[in-house]
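Please examine the structure shown below. The briefing that follows describes its chains, their contact and selected residues.

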Amino acid sequence: MPNAFWCVVEDDRAGHPKKVMAEVLAEAARLSGGRAEAVWLTDRAEPDGLRRLAEWGAGKIWLVEHPGLAPYRGEVWAPVVAGLVAAQAPRAILGAVTSRQREFLARLAARLGVGFAADVVGLAMDGDRLVATRPVYAGKLLARVAWARPPWIATLRPNVFKPADPVAGREPQIERPTVTVPDGALRLAERREEVSTGLPELSEAELVVSGGRGLKGPENFVILERLAAVIGAAVGASRAAVDAGWRPHRFQIGQTGRTISPKLYLGFGISGAIQHLAGMRTSKLIVAVNKDPEAPIFKIADYGIVGDLFEVVPALTEEFKKLLGK
Amino acid sequence: MKILVPVKQVPDTATQVKVGQDARQIETGGITWIISPYDEFAVEEALRIKEKRGEGEVVVVSLGPDRVKEALRSALAMGADRAIHVNDPAFNEADTLLTARVLAAVIKQEAPALVIVGRQAIDDDMGAVPAQLAELLGWPSLYWVMEAAIDAGGRTIRAGRQVEGGLEVFEAPLPCVLTAQKGLNEPRYPTLKGIMGAKKKEIKDLRADDLGVAPESAQLSIVRLETLPPRPPGRIIGGDVREAAHELVRALREEAKAI
């Protein structure tokens, strides 16, 4: 379909799209009047992964399955997708804010000579142009941005856009275009897996529990992990906790860490420095627990408890257990 | 080995930022300017590679008005050898693509073996320039690099990028673009000697004509800057710890339906 809105698939590296694609596809369908299509570059696409994309609203799936496409390399992906764009002329190309899609879509935009907007939290049609809203200056301001010409290319922040209601039983319409996958210069030498915490990944998690200097030491994060395990949350940390060496950098929320937008953010012993707020102020619901009633985080919190987190966290964990029958 | 590091001057995180009169730019009066923190990781990594190899040159480049010289001086004080300042009002409203074109033109003139850039600048947080630069140059790029090493012959680099769930270590032929992620290193503070020495180092001024880059209009432009909509006022839950915990969980379930 000409002038479709394309959604570049973020997958779990095992043949299935990540759930953030339900959000990207739904937004693409809303803006285009139902003309959302998926573009999937991968070394393997599982049949139920393809079905899931169709159920989330992908009218068509442009599938390029090739061993050279994993792991992602920008210099290999960009010419492949640019070739498809030249043939199909999509009106927009949307992705999710993940490490590789941020790089890939910027690179694709340069190849096509068009504009790119990263980390978008709102999209709206204004006549026949698309206007995107994105946080700037540590989230202190919002910028509305627009493109000089299509295709409009952007990455969407996870958990911000309403996900599609899946339509069960929709059969995927798969197109396998003939493309040349270049060799590329980068060679993967090794992949080091992180020790799995068993908890959700921070940037996609719907619930996030986060700890700061008030935790007093790395050993005390275990009480947050217990709480997180009960409600199924990811565990993050403030810069103070990361700089003190209590948590690895990948758990840092804030300006020099991850930017997150969960449905519920619970901050313990975090004062709420601007640089932390930059990473979490678009959370839908914010809960803060801090000994200091003057802590700036209370200014943006929906619910606050002024108290000692070493008493509040175990009490909260018990209450959540009761509520959830665990 | 020549290493080029583009840096961007940005408002300090703690600075109050106000929407300017035309609503498309910020008011610049009273702002404290710094080098974007990720770019400091990039400068530091370039200096470490040079020091480890015992040879080489680190060149820092920035686009912007006169004030940008301060950021370049800071990088020179850290130890960079010389600086290039692209100072041309024609680029005042450059988007990431035009910025990348300008930097690519500088890189073609300078022909470095390696370009290291911060993963994103903390003003617009776009993070697009490194990848766009690599695309325009036709070079490979690695994002969010946490560790990097160049082989003894200076022909290839081994660098690890942070991905969801792990680290992917790649080997790449030089030249190549790396983006510096927090955790790559701990940037040094300039010494007094470094600060004094920086005053004597060269900052070369370049304009659009020197680079042969047409100051074309932006592909992405700001329509309007806005302040954040206010959040509804929050509620402090009092009482003893057990009561407060109970009430919070009740409110999260019944009022906010968040759990």
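How many helices and strands does chain A have? Chain A has 9 helices and 16 strands, where helices (H or I, at least four residues) and strands (E, at least two) are DSSP runs numbered from the N terminus. This is a predicted model, in which local features need pLDDT of at least 70 and side-chain atom pairs count only at pLDDT 80 or more, whereas totals for chains, interfaces and linings use all residues. Residues are numbered from 1 along each chain as its sequence is written, while chains are lettered from A and ligands numbered from 1 in the order in which they are written.

**Overall form of chain A**

- The radius of gyration of chain A (taken over C-alpha atoms) is 21 Å, close to the 20 Å that the globule rule gives for 326 residues, so chain A is as compact as a globular protein of that length.
- The globule rule is 2.2 Å times the number of residues to the power 0.38.
- The C-alpha trace of chain A spans about 60 × 40 × 40 Å along its principal axes.
- Of the 326 residues of chain A, 57% count as buried; a residue is buried if 20 or more other C-beta atoms, placed from the backbone, lie within 10 Å of its own, exposed if 12 or fewer, and partly exposed in between.

**Where chains A and B meet**

- In chain A, 71 residues are in contact with 71 residues of chain B, contact meaning that the C-beta atoms, placed from the backbone, lie within 7 Å.
- Helix α4 (residues 99-112) of chain A supplies the largest share of the side that touches chain B, namely 9 residues.
- That side of chain A divides into 40 nonpolar, 10 polar and 21 charged residues; Ala, Val, Leu, Ile, Met, Phe, Trp, Tyr, Cys and Pro count as nonpolar, Asp, Glu, Lys and Arg as charged, and the others, Gly among them, as polar.

**Surroundings of two residues**

- Leaving aside neighbours within four places in sequence, A:Leu25 is in contact with residues including A:Cys7, A:Trp56 and A:Ala164.
- A:Glu27 lies in helix α1 (residues 20-32) of chain A.
- A:Glu27 is buried, with 26 other C-beta atoms within 10 Å.
- Leaving aside its neighbours within four places in sequence, A:Glu27 is in contact with A:Leu123, A:Leu156 and A:Phe161.
- The C-alpha atoms of A:Glu27 and A:Asn220, 193 residues apart along the chain, are separated by 40 Å.

Conventions
Two residues are in contact if their C-beta atoms, placed from the backbone, lie within 7 Å.
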